[in-house]
Amino acid sequence: METVLVTGGAGFIGSHLCERLISMGYNIINLDCFNDFYKPTLKMKNIDSLLLSNHYKLVKGDIRDHLILEHIFSTFHIEKIVHLAALAGVRKSIGDPLEYIDVDISGTVNLLEFAAKYHVNKFVFASSSSVYGNSRHIPFKENDPLDLQISPYATAKRCGELYCATYNRLYGIPIVILRFFTVYGPRQRPEMAINLFTRCIDKGIKLPLYGDGTTQRDYTYIDDIVDGIVSAIGYECSYEAFNLGSSNPISLKDMLELIEVKLNKRAITSYLPDQLGEVKTTYADINKSKNQLGYCPKVSFDSGIERFIDWYLKNKEIYDI
């Protein structure tokens, strides 16, 4: 079976993807730098079971490190790359945009260089719904104009897409761009809203709410996202971009109320002004993904929140606030 390099494979999405690919018979090389954006111990817990597999190899290192990448590509026959590693977080990118340029753009170009040098036969790039910015075209379609990003993180992701297109044209690397729409589920990063809200409500801690609660997100359950990534790995093309979302925007207020119901606890809220860089709505048009990838999200928001909270209640000792 083929060997896949998964960057950021110890993170939320990456660890779920590695589990799925191993169950399908792939050999996985996971390159992860275990940065301190959130506790590295959480990432290690994500991959506890993976470390027991003979089909999984963890390499601790940075996508910007030429020596690490040379070691990986010269040691293992890497046939496909799923590039998930990135500095995430819209708000943090406003405070430190240069770091996002370094990791999310330079790191991606570094990886593309090795993909070209070693003739990788598929490069899947994890982009973001944030590339659409505050688009007036609702729902967002893959061929919409993409000149409305409102955060350095979003701009860095768009730059990554453009470099992918350039390397496809230069070297013929088959590339799939996947624009993820607010992924949630077990192991979600601790600063993300559903995880943070759940912990605050459960522990009776005041919950900061930015804006008036009417912003909407197209929340997408992790299993559906992994389905989409797996389809993209096997999809034959030169270069394509796809939305991976649920196509069902949920308001901040409705999300909060559902978590309250599932926990049977009330939130203690503190309303704050809107945050810079946050878009008002994300809403994926997934017709292209359905037609070409066979992508079909199966987990409703109600069911997904219930699954997340069930997981959280069994694992909440790993978190502190």
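The model is predicted, so local features need pLDDT of at least 70, side-chain atom pairs count only at pLDDT 80 or more, and totals for chains, interfaces and linings use all residues. Residues are numbered from 1 along each chain as its sequence is written, and side-chain values use heavy atoms, with hydrogens and water left out.

Let's start with strand β5, residues 122-128. Strands here are DSSP runs of E with at least two residues, and helices are runs of H or I with at least four, numbered from the N terminus. Because 7 of the 7 residues of β5 are buried, the strand is largely enclosed by the rest of the structure. Buried means under 20% relative accessible area, exposed over 50%, and partly exposed in between (1.4 Å probe, protein chains only).

| Pair | Bridges | Direction |
|---|---|---|
| β4 (residues 80-83) and β5 | 4 bridges | parallel |
| β5 and β6 (residues 175-180) | 6 bridges | parallel |

Ile81 stands opposite Phe123 in β5, while Ser127 stands opposite Arg179 in β6.

Now for the cores. A nonpolar core is a set of buried Ala, Val, Leu, Ile, Met, Phe, Trp, Tyr and Cys residues joined through side-chain atoms within 4.5 Å. The largest has 71 residues, of which Leu178 and Phe180 touch the most other members. Helix α8 (residues 222-234) gives the largest share of this core, 7 residues. A second, separate core of 27 residues includes Ile81 and Phe125 among its members.

Terms used:
Pairing = 2+ DSSP bridges.
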